Amino acid sequence: MQTLKNKRILVTGASRGIGQAIAVDLAKHGAKVAVLATRLANLEQTCAAIAAAGAESLPLEGDISQASTAVNAVKAVVDAWGGIDGLVANAGITKDNLLLRMTEEQFDQVIDVNLKGSFHFLKAVTKPMMKQRAGSIVFIGSVVAAIGNPGQANYCAAKAGLHGLARSAAMELGSRGITVNVISPGFIATDMTSDLPEAAQDAMKKKIALGRPGSGQDIAGAVRFLQSPDGSYITGQVMLVDGGLSLG
Ligand code: NAI
């Protein structure tokens, strides 16, 4: 069903993993999708899948920790399609280390990409969305923001920061018809999680009530709901899509 017909949505970190699954799913449901990654060449596969779904894509390049990337990306979408209806701030990184060994650089890099990068994009879409008096903003958080994770203090702090950012933005922008929410994935099988030591992967998997790791598609379904008219009365919320991992 074309629940997103004529929607113009920007997805960051769309070259692989969860972001790629989200971008292709949005396209399959009728959206035009602007996709951003650090390198344009890495977006070929995503754009081919969007074209195969019969939808239009707009590939964009840049480092999301730089404010200019967000400003230029949003301008490119508005110039190409006349406005912007949705943002999915998905791009993220990990720089794991135990606290005693964690460097200031590792802390800063994760905050700069995961938290500040989302802020840059939030700020850049605010003006055009306020003008339209409509918009859906989704940050991709993480279950560990709520429960913590040894070796990921920087990552958990950055992802928890998104909760406050979303709630405050939801209060500021609600009167203009703009929703701001966080979707927090649990353990999803991607390149990011395959880098984790096997013991850490096994420990996480054992906690999942549904007994399986999630897929990018599991996250894409929740994102699509919030980007569609069906999710338009939900704002300032953190939605866990974790197969019950956070239940303990
Ligand atoms: P991934 O590592 O497979 O993909 C990350 C994407 O972000 C790539 O497209 C990469 O090019 C892009 N990216 C990274 N740094 C960037 C930067 N500075 N500027 C522009 N693009 C950049 O990761 P995955 O697993 O698909 O994760 C996507 C999001 O979901 C991240 O925010 C991650 O923290 C979050 N997440 C992932 C979980 C998992 O189990 N895989 C669990 C919970 C949250």
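**Notes on the predicted model**

1. The ligand has 27 residues around it, and those that come nearest are Ser15, Arg16, Asn90, Tyr155 and Thr190. The model is a predicted one, and the distances that follow should be read accordingly. An N or O atom in the side chain of tyrosine 155 is 2.5 Å from a ligand oxygen atom. For arginine 16, a polar side-chain atom lies 2.7 Å from an oxygen atom of the ligand. Lysine 159 also places a polar side-chain atom 2.9 Å from a ligand oxygen.

2. The strands form an open sheet of seven, paired in parallel and ordered β3-β2-β1-β4-β5-β6-β7. From one strand to the next, the twist averages 20°.

3. Strand β2 (residues 32–37) runs parallel to β3, and five bridges join the two. Within this pairing, valine 35 stands opposite proline 59 of β3. Strand β2 is likewise joined to β1 by five bridges, again in a parallel arrangement. Here the bridge partner of arginine 8 is lysine 32 in β2.

4. How many of the five residues of β1 are buried? The count is five of the five, so β1 is largely enclosed by the rest of the structure. Both of its faces are covered: Arg8, Leu10 and Thr12 are buried on one side, and Ile9 and Val11 are buried on the other.

5. Helix α1 (residues 17–28) lies across β1 (8–12), β2, β4 (86–89), β5 (135–140) and β6 (178–185), and it runs at about 170° to β1. Helix α9 (residues 216–227) lies across β1, β4, β5, β6 and β7, running at about 155° to β5.

6. In soluble globular proteins, nonpolar side chains tend to be buried together. In this model, the largest nonpolar core has 32 residues, and Leu10, Leu60, Phe121, Ile137, Phe139 and Val180 are those with the most contacts inside it. At least two residues of this core come from each of β2, β3, α3 (67–81), β4, α4 (104–132), β5, α6 (153–173) and β6. A second, separate core has 29 residues, among them Val33, Ala37, Val138 and Ile183.

7. Neighbours within four places in sequence aside, leucine 10 is in contact with Ala34, Leu60, Ala73, Val74, Ile84, Gly86, Leu87, Val88 and Phe121.

8. Threonine 46 belongs to helix α2 (residues 44–52). Is threonine 46 buried or exposed? Its relative accessible area is 0%, under the 20% limit for a buried residue, so threonine 46 counts as buried. The side chain of threonine 46 reaches the backbone oxygen of alanine 14 at 2.7 Å.

9. Lysine 5 lies in the segment before β1. Its relative accessibility is 56%, so lysine 5 counts as exposed. Beyond residues up to four places away in sequence, lysine 5 touches His29 and Gly30. Lysine 5 and asparagine 90 are 85 residues apart along the chain, and their C-alpha atoms are separated by 22 Å.

10. Glutamate 104, in helix α4, is also exposed, with a relative accessible area of 65%. From C-alpha to C-alpha, glutamate 104 and glycine 17 are 28 Å apart, and 87 residues separate them in sequence.

11. Most residues other than glycine have a negative phi. Asparagine 6, although not a glycine, has a positive phi of about 70°; this residue is in the segment before β1 and is exposed, with a relative accessible area of 61%. Arginine 133, likewise not a glycine, has a positive phi of about 60° and is found in the loop between α4 and β5.

Technical notes: Residues numbered from 1 in each chain as written. Predicted model: local features only at pLDDT ≥ 70, side-chain atom pairs only at ≥ 80, totals over all residues. Heavy atoms only, no water. Pairing = 2+ DSSP bridges. Helix = DSSP H or I, 4+ residues; strand = E, 2+ residues; numbered from the N terminus. Axes fitted to C-alpha atoms, helices over the stretch in contact; angles between N-to-C directions. Contact = heavy atoms within 4.5 Å. Buried < 20%, exposed > 50% of the residue type's maximum accessible area, 1.4 Å probe, protein only. Polar contact = N/O pair within 3.5 Å; in protein donor to acceptor, adjacent residues only side chain to side chain. Core = buried A, V, L, I, M, F, W, Y, C linked by side-chain atoms within 4.5 Å. Near = heavy atom within 4 Å.
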